[in-house]
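Please examine the sequence and the model shown here before reading the dialogue.

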Amino acid sequence: MVNKSHLTAIVRKDLSLPTKFLLERGYLKEDLLDYGCGRGGDVLILRNIYQINSFGYDPNLEKLGVYNKGLFDNNSTLFKRAKDCYNTITCHYVLNVVLQSEEKDILKHIQSYLKPNGNAYITCRADYKNCNGWTSKGTFQRKVELQLPLVMWKKNSWKMWRLTKNDSL
């Protein structure tokens with residue numbers, strides 16, 4: 001079955017709860033990348049309301065050729081492709097919609113964009129009970145457990161881990 005995980009991207013009018021959590025605690029630093037940004041809502045809010053230099057990237061949208069078609073604010077959220085250029089990377093609700101076999105490559109890809117002292121915050125849903133499979137919409141959902149430091153666990157909601165440039169995967 002073809003994974004249609006791009007269908008899980010929602011339109012946001014407010015910051016996602018994980019991004020709001022990070023913002024309130026001062027964890028979001030300039031030169032931020034939202035990896036798996038979906039429709040770019042967090043990026044646009046961080047740029048326009050909080051004046052945080054933010055960029056968005058979503059591998060699924062790139063594969064579908066959606067970039068440069070007006071989805072983003074005059075393409076201003078497109079990311080810098082240079083390695084080692086982000087202080088902060090957020091990756092919310094991405095790993096739980098991809099196959100486990102893709103997980104390590106995604107985490108390595110995220111690490112490659114971190115500055116040496118940067119941090120990535122990986123968030124996955126934590127409300128799945130025995131959910132490891134395809135949904136009726138053709139999307140894939142699975143429970144994720146990472147061997148990384150846990151930043152936050154909102155029981156029956158989401159879990160967040162911290163990934164650094166030097167973490168072993």
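Predicted model: local features only at pLDDT ≥ 70, side-chain atom pairs only at ≥ 80, totals over all residues.

The following dialogue considers the structure from its overall order down to single residues.

Student: How many helices and strands does the protein have?
Tutor: Helices (H or I, at least four residues) and strands (E, at least two) are DSSP runs, numbered from the N terminus. Along the sequence they follow the pattern α-β-α-β-α-β-α-β-β-β-β-β. The total is four helices and eight strands.

Student: What percentage of the residues count as buried?
Tutor: A residue is buried under 20% relative accessible area, exposed over 50%, and partly exposed in between, with a 1.4 Å probe and protein chains only. Of the 169 residues of the protein, the buried share is 44%.

Student: Of the contacts with a separation of 6 or more, what percentage joins residues 24 or more positions apart?
Tutor: A contact means heavy atoms within 4.5 Å. Among contacts in the protein with a separation of 6 or more, residues 24 or more positions apart account for 67%.

Student: Why are the buried residues of H1 said to lie on the same side?
Tutor: The buried residues of H1 are Pro18, Thr19, Phe21 and Leu22.

Student: Which exposed residues does the opposite face of H1 carry?
Tutor: The buried side of H1 packs against H2, S3, S4 (114-125), S7 (150-154) and S8 (158-164). The face turned away from that buried side carries the exposed residues Leu17 and Glu24.

Student: Against which elements do the buried residues of H2 pack?
Tutor: Helix H2 spans residues 41-48, and its buried residues are Gly41, Asp42, Val43, Ile45 and Leu46. They pack against helix H1 (17-24) and strands S1 (32-35), S2 (54-57) and S3 (86-92).

Student: Which residue of S2 is the bridge partner of Leu32?
Tutor: Two strands pair if DSSP finds at least two bridges between them. S1 and S2 run parallel and are joined by four bridges. The partner of Leu32 in S2 is Ser54.

Student: Is Ser54 buried or exposed?
Tutor: Leaving aside neighbours within four places in sequence, Ser54 is in contact with Leu32, Val43, Leu46 and Arg47. With a relative accessibility of 0%, Ser54 counts as buried.

Student: What is the handedness of the β-α-β unit made by S3, H4 and S4?
Tutor: A crossover is right-handed if, with the strands pointing away from the viewer, the path from the first strand over the helix to the second runs clockwise. S1, H2 and S2 make a right-handed unit. The β-α-β unit of S3, H4 and S4 is right-handed.

Student: Which residue of S4 is the bridge partner of Thr90?
Tutor: On S1, Asp34 stands opposite Thr90 in S3, and three bridges join these parallel strands. S3 also pairs with S4 in the parallel sense, over six bridges. In S4, the partner of Thr90 is Tyr121.

Student: How many residues are in the largest nonpolar core?
Tutor: A nonpolar core is a set of buried Ala, Val, Leu, Ile, Met, Phe, Trp, Tyr and Cys residues joined through side-chain atoms within 4.5 Å. Those with the most contacts inside the largest core are Leu33, Tyr35, Ile89, Leu95, Ile110, Ile122 and Leu146. At least two residues each come from S1, S2, S3, helix H4 (100-113), S4 and S8. The number of residues in this largest core is 24.

Student: How many disulfides does a search of the whole structure find?
Tutor: A disulfide is a pair of cysteine sulfur atoms within 2.5 Å. Cys91 is buried at 1% relative accessible area, and its sulfur is too far for a bond because the closest cysteine sulfur, in Cys124, is 7.1 Å away. For the whole structure, the number of disulfides found is zero.

Notes
Residues numbered from 1 in each chain as written. Heavy atoms only, no water.
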